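Here is a friendly walk through one protein chain, taken a few side chains at a time. Please keep the viewer open as you read.

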Amino acid sequence: MRSIWKGSIAFGLVNVPVKLYSATEDHDVHLHQVHDKDGGRIRYQRRCEVCGTVVDFEHIDKAYAEEDRTVVLTEEDLSSLPEERSREIDVVEFVPSEQLDPIMFDRSYFLEPDSKSAKAYVLLRKTLEKTDRTAIVHFSLRQKSRLGALRTRGDVLMLQSLLWDDEVREAKFPALDERVRISAKELKMSASLVESFAADFAPDRFTDDYQEQLQQLIDAKLAEGDALDTAATFGESEDSEPGGEVIDLMEALRRSIDKGKTTPAKKGTTGKARSNAASVGKSGTKKAAARKGGASKTTPKKAAPRKSKTTRSKPKSSVTAKSSKTG
């Protein structure tokens, strides 16, 4: 786990340094979009409607539109807000835990003590447990001022962001205004049915059946060979322009060594071929290997035309590391 925020819990004269961690994670099988005709990846571009160019994230600001006027807010503008600079979780009040409506809960975070002594952290946790109260707090996270509930979960303090009161909708349905009569017998039978399903909640007994079935479907297609080459979905092929073809680094080294073995050489040529292979590993390009290998130094001048012809028969493509392409 990696902390996403560092600050402190502050109430009265007590200050508890903490680190914030996301308490939940997504287990969904992530899918992307492809063209049904050829399987090519679908890309979404951030294109400016004024100049028509594709804009990188580093050149994107936020804006607010109000009728016929728009206000642009830069990163500097947003970072200047006092709430954004705050690194404190300010305790506003301690309320009975049962008064919190679950509909208000948003995201959950674990708090880790961020000091050599965890005494203040443990003291706060034990106090909340003994009084059966939850601390209502104010804090800022990701350019938003938030309301939160600070409570205990086992041996850890948990911070749960809360929705603001005006973010919770009121249920107004015409059907709720209709008068409905329920007899005592119907109510008794319904309660009996509930009792037949009664159990203690154990979340580990439940699984996401859809995600499991989706993964089984993917595994079955892979086993049957019903799959595309991932590089091909990005439009990559052996006929791509120089710099567009991705070749395994080990394959590049092997080709370079084989090329050195087939080249007529004087004494000591084998050592130079190895040097060429090392050059490919450092530079990642065949051209760099050719420059460092020095073909004219290892091959007699009369053999140069024949070697040049051999070189032209190979595809002209630069070698790039796979990691740079996928990144």
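**A buried glutamine**

Let's start with Gln 160, which counts as buried because its relative accessibility is 8% (buried means under 20% relative accessible area, exposed over 50%, and partly exposed in between, with a 1.4 Å probe and protein chains only). Before going on, please note that this is a predicted model, in which local features need pLDDT of at least 70 and side-chain atom pairs count only at pLDDT 80 or more, while totals for chains, interfaces and linings use all residues. Residues are numbered from 1 along each chain as its sequence is written, and side-chain values use heavy atoms, with hydrogens and water left out.

Gln 160 belongs to strand S9, residues 156-162 (helices, H or I with at least four residues, and strands, E with at least two, are DSSP runs numbered from the N terminus). Leaving aside residues up to four places away in sequence, Gln 160 touches Phe 105, Arg 107, Ser 108, Leu 147, Gly 148, Ala 149 and Arg 151 (contact means heavy atoms within 4.5 Å).

**Its partner, Arg 151**

Which residue does the side chain of Gln 160 join through a polar contact of 2.6 Å? That partner is the side chain of Arg 151. A polar contact is a pair of N or O atoms within 3.5 Å; within protein, one must be able to donate a hydrogen and the other to accept it, and residues adjacent in sequence count only if both atoms are side-chain atoms.

Arg 151 sits in strand S8, residues 145-153, and is partly exposed, with a relative accessible area of 27%. Not counting residues up to four places away in sequence, Arg 151 touches several residues, including Leu 128, Thr 134 and Val 156. Ile 136 is 15 residues from Arg 151 along the chain, and their C-alpha atoms are separated by 9.0 Å.

**Rings and a charge**

The model has 2 aromatic pairs, where rings of Phe, Tyr and Trp (its six-membered ring) pair if their centres lie within 6.5 Å, and planes under 30 degrees apart count as stacked, over 60 as edge-to-face and the rest as tilted. Phe 11 and Phe 94 make an edge-to-face pair, 6.0 Å centre to centre with 85 degrees between the planes. Phe 11 is in strand S1 (residues 5-11) and Phe 94 in strand S5 (residues 88-96), so this pair ties together parts that are 83 residues apart in sequence. Phe 11 is partly exposed at 23% relative accessibility, and Phe 94 is partly exposed at 35%.

Phe 201 and Phe 206 form a stacked pair, with 6.1 Å centre to centre and 25 degrees between the planes. Phe 201 is exposed, with a relative accessible area of 68%. Elsewhere, Arg 46 lies over the face of Phe 57, 3.9 Å from the ring centre (a charge sits over a ring if NZ of Lys or CZ of Arg is within 6 Å of the ring centre and within 35 degrees of the ring normal).

**The chain as a whole**

The chain has 327 residues, of which 21% count as buried. Its secondary structure comes to 12 helices and 9 strands. Among contacts in the chain with a separation of 6 or more, 63% are between residues 24 or more positions apart.
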